[in-house]
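Here is a short tour of the model, written to be read with the structure open beside you.

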Amino acid sequence: MSWAQWVLADEPILLGDQPVAWTVSARATPESLPQWNAYFSAGTPHEVVTDFLLALENRPDPAHGYAAPQAVLDALAGGGWVRDVDTSAAMSDPQLAASMAFTTLPDEGIQDGDPFVLDPEGEAAGWQAWCEPRMGAGLLWAVMFSASTPHDLVAAFAGSLASPAPVLRHTLPESSEGQLTVQPTV
């Protein structure tokens with residue numbers, strides 16, 4: 001069983017400097033702890049959230065993974081992203097405005113069904129993605145996937161994020177000036 005919820009918490013979970021707006025969970029029952037969670041800030045491009053949700057909807061079992069972490073890196077590379085020279089499990093778009101990495105997750109607020117993740121002595125790793133069009137200007141959006149989120153679902157998100165296909169926007173963030181290719185619609 002899986003679902004998405006809009007989150008407007010009094011004390012929000014922060015992804016960098018961005019509060020979580022959407023949480024997507026997989027649970028065995030409505031009352032059980034989440035088997036995994038995906039967290040999205042409000043500015044996350046809607047098409048990548050949609051592609052993640054469509055991949056989730058098309059899975060026979062929302063909780064168990066069918067792919068290795070390499071599937072995510074392959075999806076990013078397929079969109080022309082480049083590997084970080086210092087971290088082999090991190091990639092960025094060619095303009096270095098958006099990045100995605102398999103890294104240690106923060107201790108606060110991230111829920112996961114893996115008992116290792118719940119262990120205060122353990123360090124859980126998961127996928128994080130973010131967009132910072134101008135270094136030091138703050139994040140435009142951020143996403144975090146808890147440790148047990150199936151890699152094929154994260155790869156669906158990554159493939160959509162890295163896609164060079166044009167997307168329709170009515171307004172562009174000021175911080176993205178010079179980072180985007182703009183084409184008129186017909």
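This is a predicted model: local features need pLDDT of at least 70, side-chain atom pairs count only at pLDDT 80 or more; totals for chains, interfaces and linings use all residues.

**How covered is strand 4?**

Strand 4 spans residues 36–41, and six of its six residues are buried. In a regular strand, side chains alternate between the two faces of the sheet. In strand 4 both faces are covered: Trp36, Ala38 and Phe40 are buried on one side, and Asn37, Tyr39 and Ser41 are buried on the other.

**The nonpolar cores**

Phe40 is worth a click. Leaving aside residues up to four places away in sequence, Phe40 touches Val20, Ala21, Trp22, Val24, Val49, Phe52, Ala142, Val143, Phe145 and Phe157. Which residues have the most contacts inside the largest nonpolar core? They are Phe40, Phe52, Met100, Phe145 and Phe157, in a core of 31 residues. Two or more residues of this core come from each of strand 3, strand 4, helix 1 (46–57), helix 2 (70–78), strand 7, strand 8 (125–131), strand 9 and helix 4 (151–162). Helix 4 is the biggest contributor, giving seven residues. There is also a second, separate core of eight residues, with Val20, Ile110, Leu139 and Ala142 among them.

**Two helices side by side**

Two packed helices are described by the angle between their axes and the distance between the axes. For helix 2 and helix 4, the axes come within 8 Å and cross at roughly 10°. Helix 2 is therefore roughly parallel to helix 4. On the helix 2 side, Ala71, Val72, Ala75 and Leu76 take part, and they meet His151, Val154, Ala155, Ala158, Gly159 and Ala162 in helix 4. Sorted by class, this contact has eight nonpolar residues, two polar ones and no charged ones.

**Two residues to look at more closely**

Trp130 lies in strand 8. Trp130 and Trp141 are 11 residues apart in sequence, with their C-alpha atoms 5.7 Å apart in space. Beyond its neighbours up to four places away in sequence, Trp130 touches Ala97, Ala98, Ser99, Met100, Ala101, Leu139, Trp141 and Ala142.

Most residues other than glycine have a negative phi. Leu96 is not a glycine, yet has a positive phi of about 60°. Where is Leu96 placed? Leu96 sits in the loop between strand 6 (90–92) and strand 7 (98–104).

The table sets out the solvent accessibility of these two residues.

| Residue | Relative accessible area | Class |
|---|---|---|
| Leu96 | 58% | exposed |
| Trp130 | 26% | partly exposed |

**The whole chain**

Stepping back, the protein has four helices and nine strands. Along the sequence they follow the pattern β-β-β-β-α-α-β-β-β-α-β-β-α. Of the 186 residues, 40% count as buried. Among contacts with a separation of 6 or more, 57% are between residues 24 or more positions apart.

Conventions
Residues are numbered from 1 along each chain as its sequence is written. Side-chain values use heavy atoms; hydrogens and water are left out. Buried means under 20% relative accessible area, exposed over 50%, partly exposed in between (1.4 Å probe, protein chains only). A nonpolar core is a set of buried Ala, Val, Leu, Ile, Met, Phe, Trp, Tyr and Cys residues joined through side-chain atoms within 4.5 Å. Contact means heavy atoms within 4.5 Å. Axes are lines fitted to C-alpha atoms, for helices over the stretch in contact, and angles run from 0 to 180 degrees between N-to-C directions. Angles under 35 degrees count as roughly parallel, over 145 as roughly antiparallel, 65 to 115 as roughly perpendicular and the rest as oblique. Ala, Val, Leu, Ile, Met, Phe, Trp, Tyr, Cys and Pro count as nonpolar, Asp, Glu, Lys and Arg as charged, and the others, Gly among them, as polar.
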